[in-house]
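Trainee: Could you walk me through the salt bridges here, taking a close look at a few pairs and where their side chains sit?

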Amino acid sequence: MSRLVVVSNRVATPTESKGSAGGLAVGVFGALKDTGGVWFGWSGEIVGEGTANAGPEIVQDGAVTFATVGLSRRDYDQYYRGFSNAMLWPVFHYRNDLARYDRQEYAGYRRVNAWLAQQLLPLLKPDDVIWVHDYHLIPFAEALRLAGVKNRIGFFLHIPFPAPQVLLNVPPHDELVKSLCCYDVVGFQTESDLVAFGDYIVRQAHGTVSRDGRTVDAYGRSLRAGVYRIGVFPDDIAAQAKRFETRKDVRELKASLKDRKLIMSVDRLDYSKGIAERFRAFERLLETAPELQGAVSLVQVAPPTRADVQSYQHIRQNLEYEAGRINGRFSGLDWTPIRYLNRRYDRWVLMSLFRASQVGFVTPLRDGMNLVAKEYVAAQDPDDPGVLVLSRFAGAAAELDAALIVNPHDILDMSEALQRALTMPLEERQDRHRKMLAALRRNDLGVWRDTFLVDLRAVRPGMP
């Protein structure tokens with residue numbers, strides 16, 4: 001079987017790839033081990049111009065080659081901090097009000113994609129299958145094609161693909177979609193994303209899309225598009241969640257609760273996650289169900305992200321204010337309603353905290369999939385499971401329809417769902433958990449990975 005070459009904005013370390021990181025790292029590392037291959041991308045380091053152009057740093061781990069490059073400060077500011085995260089991220093999450101377009105940043109985005117493609121070229125073999133991940137690297141296949149690469153190249157978008165009228169807010173939208181059509185297979189998280197892509201092709205690019213949305217002809221190319229729902233390995237999560245129950249962090253949290261009920265939320269610190277709305281929903285719960293005051297706590301873990309971006313600094317300040325305000329209003333001498341933790345925890349510790357909680361509160365305003373929702377379900381004790389309260393705007397809601405589905409813009413709706421979750425009878429909790437766990441097993445991480453790669457290997461290289 002031909003080698004697999006994975007390209008992503010960030011490359012996990014060999015240790016992270018073996019289980020301590022999230023879905024992408026675990027999933028692609030499994031495929032790389034099976035066929036042998038290369039994982040290529042940014043190391044996460046900002047380096048001088050001379051170091052950046054010195055070529056990839058190579059680390060060999062069995063049959064897997066980890067190849068990473070540093071970015072110069074200018075490249076980081078324009079490609080990553082600029083166009084990727086100041087323009088594409090907000091627009092693709094339907095936050096046009098937060099988007100900022102700069103022509104030089106867009107030029108830097110394309111320049112870095114072309115430079116990354118050149119860095120990869122010496123590592124490629126003629127029959128390699130190349131799998132590119134996420135919005136940072138939309139022009140990557142186009143850069144490879146211009147360099148003469150004929151290999152099969154697939155792309156998977158981990159975030160939502162916006163409706164055409166939303167995407168039009170990105171000034172070079174036509175160039176981006178044309179670049180996307182240089183891939184042989186393009187994968188999305190949900191049917192809504194696939195439909196939005198097809199609508200753009202028909203209405204804006206004047207291309208054609210088959211009735212099932214899977215065959216796309218546009219910009220002089222034909223490609224396959226499809227829905228590939230990323231998942232988790234639920235049995236592995238359950239085993240590790242149970243194993244880590246004795247960790248100091250978990251024991252201390254349980255002891256501090258003093259038999260109070262626990263609502264758990266874990267998110268990156270980002271405006272798309274709806275954390276402020278979640279805090280206000282918890283506040284409404286305490287207002288409308290005063291018997292729960294002193295009887296339930298919300299633990300919100302929100303590791304910092306993009307700390308050098310001003311809008312993210314404002315998010316952190318706002319959340320700290322909201323948590324402080326609510327705690328000041330309701331706290332007692334021995335009870336704090338919201339524990340807001342702006343720090344990172346080991347993934348398996350988080351899974352054990354999920355297992356110890358009665359409610360998983362996952363309410364993004366918009367999300368491609370949201371693996372936290374799936375991890376919460378997988379981590380539960382099937383004999384006494386917690387209840388998942390889930391935003392209808394998370395991609396996971398299409399599969400986890402036995403969760404309590406809420407609108408994250410409706411504070412009362414969320415507070416009522418929390419109250420229902422906290423009082424739900426055991427038999428109903430077990431039934432809902434059983435249905436969601438079955439969905440996770442049908443569509444686990446291996447199914448996502450293998451289905452995409454089967455489709456990619458089936459196309460004719462360079463011209464499906």
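Mentor: Happy to! A salt bridge here is a side-chain nitrogen of Lys or Arg within 4 Å of a carboxyl oxygen of Asp or Glu. Keep in mind that this is a predicted model. The structure holds 31 salt bridges, so let me pick out some of them, using the definition above.

Start with Asp77 and Arg73, whose closest N and O atoms are 3.5 Å apart. Both belong to helix α4 (residues 73–92), and because they are four residues apart, about one helical turn separates them. Asp77 is partly exposed, with 24% relative accessibility, and Arg73 is partly exposed as well, at 45%.

Now turn to Glu375 and Arg347, which form a salt bridge with an N to O distance of 3.1 Å. This pair links distant parts of the chain, 28 residues apart: Glu375 sits in helix α15 (residues 371–379) and Arg347 in helix α14 (residues 347–356). Glu375 counts as buried because its relative accessibility, 8%, is under 20%. Arg347, at 13%, is buried too.

A further pair is Asp384 and Arg429, joined by a salt bridge at 2.7 Å, N to O. Asp384 lies in the loop between α15 and β15 (387–391), while Arg429 is in helix α17 (residues 426–442), so this bridge ties together parts that are 45 residues apart in sequence.

Finally, look at a network of salt bridges that links Arg280, Glu283, Arg284, Glu287, Glu322, Arg325 and Arg329.

Note on methods: Residues numbered from 1 in each chain as written. Predicted model: local features only at pLDDT ≥ 70, side-chain atom pairs only at ≥ 80, totals over all residues. Heavy atoms only, no water. Helix = DSSP H or I, 4+ residues; strand = E, 2+ residues; numbered from the N terminus. Buried < 20%, exposed > 50% of the residue type's maximum accessible area, 1.4 Å probe, protein only.
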